[in-house]
Amino acid sequence: MQSGGALSTYVAQPALTEPAESEVNLRSVLLILLKWRWLLLAFMMAGLVIATGLTLLSTPLFRASTTIEVKRQETQIMKESQLEPISVNDPAYMATQFGLIQSRDLAVKVAQSLNLASNPLYSPATLPREAREKIAVAKLRGGLTVAPVGISRLMAIIFVTPARPQAAR
């Protein structure tokens, strides 16, 4: 704006306005919470009761784990009437060891040595012995996990079961 040939430096100040209705007012939120406090409290209590019930009704699982090292058998070559060990880098060796540990044959031997077919946690006693052994082997293999530890020659073997004594064995 110009007045009398001089330049004005007047800056218009924004008018004070009341907050828009879309803004959240802490007081109005508190009033709403107080109005519905019994309903909110009832939902919180129901959630707590349901969570406690589910926790008490769930079956506890026990986990046993171990780590083993898989060593390769060194190949020995006769050189000038002396035996010299030579290590062979075979990438399929570790995969073979994983497969052997997870094999059904090893699970059958473990189930037989622990007599899992007679354990009611692994198979019902009303079935014939062969059927009980198959069920016990399936449950044994179902709880078993074998995993590599990094890029090392270590394997982590983990067994999960609902029976504490079986996890310890």
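1. Helix α5 has 14 residues, which at 1.5 Å a residue should span 20 Å; its end C-alpha atoms lie 20 Å apart, so the two values agree. The expected span is 1.5 Å times one less than the number of residues in the helix. Helices here are DSSP runs of H or I with at least four residues, strands are runs of E with at least two, and both are numbered from the N terminus.

2. The model is predicted: local features need pLDDT of at least 70 and side-chain atom pairs count only at pLDDT 80 or more, while totals for chains, interfaces and linings use all residues. Residues are numbered from 1 along each chain as its sequence is written, and side-chain values use heavy atoms, with hydrogens and water left out.

3. pLDDT is the predictor's confidence in each residue, from 0 to 100. The protein averages 81, and 76% of the residues score at least 70.

4. Which residues of α5 are buried? They are Arg132, Ala136, Val137 and Leu140. Seen down the axis of α5, these residues fall within an arc of 135°, so they line one face of the helix; the arc is taken over the directions from the helix axis to the C-beta atoms. Buried means under 20% relative accessible area, exposed over 50%, and partly exposed in between, with a 1.4 Å probe and protein chains only. An α-helix has 3.6 residues a turn, so residues three or four places apart point the same way.

5. On the face of α5 turned away from its buried side are the exposed residues Glu130, Lys134 and Gly142. The cover over the buried residues of α5 includes α4, β6 (144–148) and β7 (154–161).

6. The largest nonpolar core consists of eight residues: Ala107, Ala111, Leu116, Tyr122, Ala136, Val137, Leu140 and Phe159. A nonpolar core is a set of buried Ala, Val, Leu, Ile, Met, Phe, Trp, Tyr and Cys residues joined through side-chain atoms within 4.5 Å. Two or more residues of this core come from each of α4 (104–113) and α5 (129–142), and α5 gives the most, three.

7. A second, separate core has seven residues, including Val70, Phe98, Ile101 and Ile157.

8. Gln97 lies in helix α3 (residues 91–101) and counts as buried because its relative accessibility is 18%. Leaving aside residues up to four places away in sequence, Gln97 touches Val70 and Met155, contact meaning heavy atoms within 4.5 Å. The C-alpha atoms of Gln97 and Met155 are 9.4 Å apart.
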